[in-house]
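Subject: Handover of a structure and the findings on it

Dear colleague,

Please find below the structure that I am handing over to you. My findings follow it.

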Amino acid sequence: MNTAEETQILDAIGKWLERDVRPKARALEKRDEYPDAMVETMKELGLFGATIPQEYGGLGLPASTYARIVARISEEWMSLTGIFNSHLIMAAAVARYGTEAQKREFLPKFASGEVRGGLALTEPDCGTDLQAIRTRAVRDGKDYVINGTKTWISNGIKGSCFALLVKTDPKASPRHKGMSLFLAEKGKGFKVSKKLEKLGYKGIDSAELVFEDYRVPAANLIGGEEGKGFHHAVGGLELGRINVAARGVGVANAALRDAVAYAQVRKTFGKPICEHQAIQLKLGEMATRCEAARLLVESAARAYDAGERCDMEAGMAKYFASEAALENSIEAVRIHGGYGYSTEFNVERYYRDAPLMCIGEGTNEMQRIIIAKQLIARNPA
Ligand SMILES: Cc1cc2nc3c(=O)[nH]c(=O)nc-3n(C[C@H](O)[C@H](O)[C@H](O)COP(=O)(O)OP(=O)(O)OC[C@H]3O[C@@H](n4cnc5c(N)ncnc54)[C@H](O)[C@@H]3O)c2cc1C
C-alpha cells in the first residue's frame with residue numbers, strides 16, 4: 001500500500017465520519033441503538049474486509065494502515081470499531097490457519113460484510129484463563145455436537161458466524177492440546193440467551209450465547225485438525241491488541257481535542273481556563289500521552305507487518321494506549337467542570353468507553369506480565 005492509497009482511504013473515512021457519524025453518534029449511543037445505516041456504509045467502505053487478503057475479496061491493508069483507520073473512527077465513536085474488529089480477528093484465524101476450502105468459502109462473505117461475526121472465547125467462569133473453558137465438542141459422524149455457554153460476545157446478536165473455542169479433549173495435558181476452534185454459524189441449537197447491559201461501548205451488541213446440542217460440520221473445524229484451537233485463538237491476539245491500542249489512541253485524542261477546544265472558550269477569573277497553569281499541566285500531559293500512545297501503536301504495527309514477533313510490542317501499545325484513553329478521558333471531564341458530567345458533552349462517553357480497552361483482548365494486568373516475561377526471555381543473563 002502506498003501513501004497516496006492510504007490517504008485516499010483515510011480521506012473517504014474522514015468524510016463519512018464528519019457527514020454521518022459525528023452528528024448522530026450521541027443520540028444512538030444514548031439509546032444503545034445498533035447503527036444499522038452506518039454498518040451499511042462500513043460495508044461499502046470495505047471495512048469488513050480491511051485486513052482480509054485481496055485474493056479473497058478484502059482490501060488486504062497492512063496493520064499500520066488499519067491501526068490509523070481504527071484510531072480515526074474511535075475519535076468519533078469507538079463502538080463502531082468493535083463491529084469490525086473482532087470480525088476481522090475471526091477472519092484472520094481463517095486466513096492464517098484455515099484450509100483452502102474454508103478460505104474460499106468464508107473469506108469473501110466476511111470481506112463483503114454479508115456474513116459478520118466475531119470471536120466466542122470467554123465463558124461465564126473464565127476469560128483470562130482461557131484454557132479452563134468448558135464448552136465441549138464431541139465428534140458424531142460428519143459433525144461435532146457442541147454444548148456450553150459463551151459470554152460477552154461482541155456482535156453476538158447482529159452477527160451470524162463466530163470463531164468458537166471449545167474443548168475437544170477435556171482430559172488433555174497440557175490443557176491447550178484439547179482445544180479446537182470452529183466456525184459456528186447460527187442455526188438450530190445456537191441461541192442468543194441475553195443481551196448484556198454495559199457502562200459504555202453502547203450501540204454494539206454484547207451477548208451471552210448458549211449452545212445446546214448444536215451441530216457444526218467437521219468441515220468447519222479451522223485448519224481441519226483438532227487440538228490447535230488455543231494456538232489459533234491466541235495467534236490473532238497480537239493484531240487484536242494493536243486494534244485495541246489504536247482504539248485507545250482514538251479515544252485519548254478525542255478527549256484531548258475536546259479539552260483543548262473547551263479550555264479556550266470557558267472563562268474563569270477574567271481569562272480562558274487554558275491560561276491557568278493547572279489546566280496547562282493537564283493539557284501538556286494529555287498531549288504527550290496521545291503522541292506516545294500513537295508511536296507505540298505505529299511501532300507494534302510495523303513489527304507485525306514485517307512478520308516479526310511482536311507480542312511485547314503489541315502488549316506495550318495496548319497497555320499504554322488504553323491507560324492513556326482512561327487518563328485523558330477523566331482529565332477531559334475535569335477540564336469541562338460540571339459540564340463534563342453532563343450527557344450534552346461527549347467527554348462523559350469517552351470516560352465510560354475507555355475502561356473496556358483496559359479489559360478486552362487481555363487485561364492490562366496480563367499485558368504487564370507478558371511484557372515482563374518477554375523482556376526476560378529476550379535478555380538472558
Ligand atoms: C464489552 C466487552 C466485550 C467483550 N467482547 C468479547 C468478545 O467478543 N469475545 C470474547 O471471547 N470475549 C469478549 N470479552 C471478554 C473479555 O475478553 C474478558 O472480560 C477478559 O478477557 C477478562 O476476562 P474475565 O472477565 O473473565 O476476567 P478474569 O479472568 O476473571 O479476571 C479478573 C481479574 O483478575 C486478573 N487476573 C486474572 N488472572 C490473572 C493472573 N494470572 N495474574 C494477574 N492478574 C490476573 C485480571 O487482570 C482481572 O483484573 C468482552 C468483554 C467486555 C467487557
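Helix α5 is largely enclosed by the rest of the structure, because 17 of its 19 residues are buried. Please note that the model is a predicted one. The helix covers residues 79-97, and at 1.5 Å a residue it should span 27 Å; the C-alpha atoms at its ends lie 28 Å apart, which agrees.

Nonpolar cores

The largest nonpolar core contains 91 residues. Those that touch the most other members are Trp-16, Ile-73, Leu-80, Phe-84, Phe-110, Val-297 and Ile-335. Helix α8 gives this core its largest share, 14 residues. Leaving aside residues up to four places away in sequence, Leu-80 touches Trp-16, Val-21, Pro-35, Met-38, Met-42 and Ile-73. As general background, nonpolar side chains tend to be buried together in soluble globular proteins.

The largest pocket

The largest pocket holds about 1,500 Å³ of space. Its lining is made up of 44 residues, and those nearest the centre are Ile-359, Gly-360, Glu-361, Gly-362 and Thr-363. By type, the lining comprises 19 nonpolar, 16 polar and 9 charged residues. At least two lining residues come from each of α5, β3 (143-154), α7 (229-235), α8 (237-265), α11 (347-359) and α12 (364-378). Of the elements, α8 provides the largest share of this lining, with 7 residues.

The second largest pocket

The volume of the second largest pocket is about 190 Å³. Around this pocket are 15 lining residues, with Thr-51, Leu-61, Ala-92, Leu-239 and Tyr-304 nearest the centre. The lining consists of 11 nonpolar, 2 polar and 2 charged residues. Both α5 and α9 (277-305) supply at least two residues to it, and the largest share, 5 residues, is from α5.

Helix α5 contributes to the lining of the largest pocket and gives the second largest pocket the largest share of its lining.

Yours sincerely

Methods: Residues numbered from 1 in each chain as written. Predicted model: local features only at pLDDT ≥ 70, side-chain atom pairs only at ≥ 80, totals over all residues. Heavy atoms only, no water. Helix = DSSP H or I, 4+ residues; strand = E, 2+ residues; numbered from the N terminus. Expected span 1.5 Å × (residues − 1). Buried < 20%, exposed > 50% of the residue type's maximum accessible area, 1.4 Å probe, protein only. 1 Å grid on protein atoms, 1.4 Å probe; cavity = no way out; pocket = protein on both sides within 12 Å on 5 of 7 lines; lining within 4 Å. Points joined across faces, edges and corners; volume = space filled by probe spheres on them. Nonpolar A, V, L, I, M, F, W, Y, C, P; charged D, E, K, R; others polar. Core = buried A, V, L, I, M, F, W, Y, C linked by side-chain atoms within 4.5 Å. Contact = heavy atoms within 4.5 Å.
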